[in-house]
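Morning, everyone. I have one structure for you today, and I will keep this short. Here it is on the screen.

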Amino acid sequence: MSKKIILSGIQATGKLTLGNYLGAIDNWVKMQEEYECYYMIANLHSLTVRNDPETLKNNTLKIIAIYVAAGLDPERNNIFIQSQVKEHAELGWILNCYTYMGELSRMTQFKDKSAKHADNINAGLFTYPVLMAADILLYQANLVPVGADQMQHLEIARDIAERFNKIYGETFVIPEGYIAKTSSRIMGLQDPTSKMSKSATNLNDVIFLEDEPDIILRKFKKAVTDSENIVKFEPENKPGVSNLMQIYSSCTSKTMEEIEKEFENSGYGNFKAKVAEAVIEKLEPIQKKYKEILNNPEYLEKIYKKGAENARKLASKTLDTVKEKIGIII
Ligand code: TYM
């Protein structure tokens, strides 16, 4: 029996965070044996905000290096750059014509981003989820592992696929979302009521994957907690401590009960230092490998070229089927 298919991706805007790693990449690594995997760098999605061209190019390559350094074997996974598989943009256009303004205007990410970038509310920002639907549906993906913030986009991809299938008969596989148990929503260290985000203005709120150990330790030491001095998992009442526990749990595979027990008689100072230690231990080998890979541009190029070549095979097949069904001459 052929393996089930996974597709996921990360935008090439800004530096990757611990949220991206624990909420997405770390789970992908665990899935690479069981599934046929397609992991892309969503550089077309990045255009919805203004980027410096050189930075966008560098970020794209950095994410490929992170994928591999984090443990995605480029021999087993198809790692590619979204823009190099032109079918994404083409199917994106087609699916735009099967998506309603009403459903797009309900997307919370659109609302958030247009509030943040009030001077640049472009049409791409609005149709962003349609391109994401095209990314997923082109590969007939069964499973899409993402953090909780992307679930609404996955829902709309499912709706578009179902709508298309209803009109033209079975065309797209309806994808399922997959969310990690403890790390689907890593929160900010300074504001634990909103998610850790690449675009945070307070740098102490975010652990970047490239942060040096002393910086990681410093940021965790400054993390907002509460005045109780009790390590207990209560996301509603103790968002800061609960977030640190989730991070610790994701890095050590310990359960919340085990963590509560481990820090039963310990103050927050020691707890925060231990969380930092666990994160540093997890990230250090990745950072080392990441630097080596970035210094080898030929290797990077080989990875993304081969990835795009493989991706195109599947993507073009799906796109041809779609075109035939809707009456576009191939
Ligand atoms: P992006 O680039 O914002 O984030 C990449 C992945 O990281 C997850 N993530 C988090 N998980 C837990 N806690 C956090 N604080 C956190 N921050 C980010 C995101 O949920 C995501 O899984 N639109 C997508 C990229 C994309 C995509 C796709 C994903 C484009 N096409 C097709 C899946 C399938 C995005 O902007 O993710």
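**Around the ligand**

β1 (5-11), α1 (18-31), β2 (36-42) and α6 (123-137) each put at least two residues into the shell around the ligand. Helices (H or I, at least four residues) and strands (E, at least two) are DSSP runs, numbered from the N terminus. This is a predicted model: local features need pLDDT of at least 70, side-chain atom pairs need 80 or more, and totals for chains, interfaces and linings use all residues. Residues are numbered from 1 along each chain as its sequence is written, and side-chain values use heavy atoms, without hydrogens or water.

Now the shell. 28 residues surround the ligand, where near means a heavy atom within 4 Å. The closest are Tyr-128, Asp-135, Gly-147, Asp-149 and Ile-186. Which strand gives the most? β1, with five residues.

Next, polar contacts, here pairs of N or O atoms within 3.5 Å. Gln-11 has a backbone N or O atom 2.9 Å from a ligand oxygen. Asn-20 brings a polar side-chain atom to 3.1 Å from an oxygen of the ligand. At Met-196, a polar backbone atom is 3.0 Å from a ligand nitrogen. How much of the ligand does the protein cover? 97% of the 710 Å² of accessible area that the ligand has on its own, by Shrake-Rupley with a 1.4 Å probe.

Last, the whole chain. It has twelve helices and five strands. The C-alpha trace spans about 70 × 45 × 45 Å along its principal axes.

Terms used: Polar contact = N/O pair within 3.5 Å; in protein donor to acceptor, adjacent residues only side chain to side chain.
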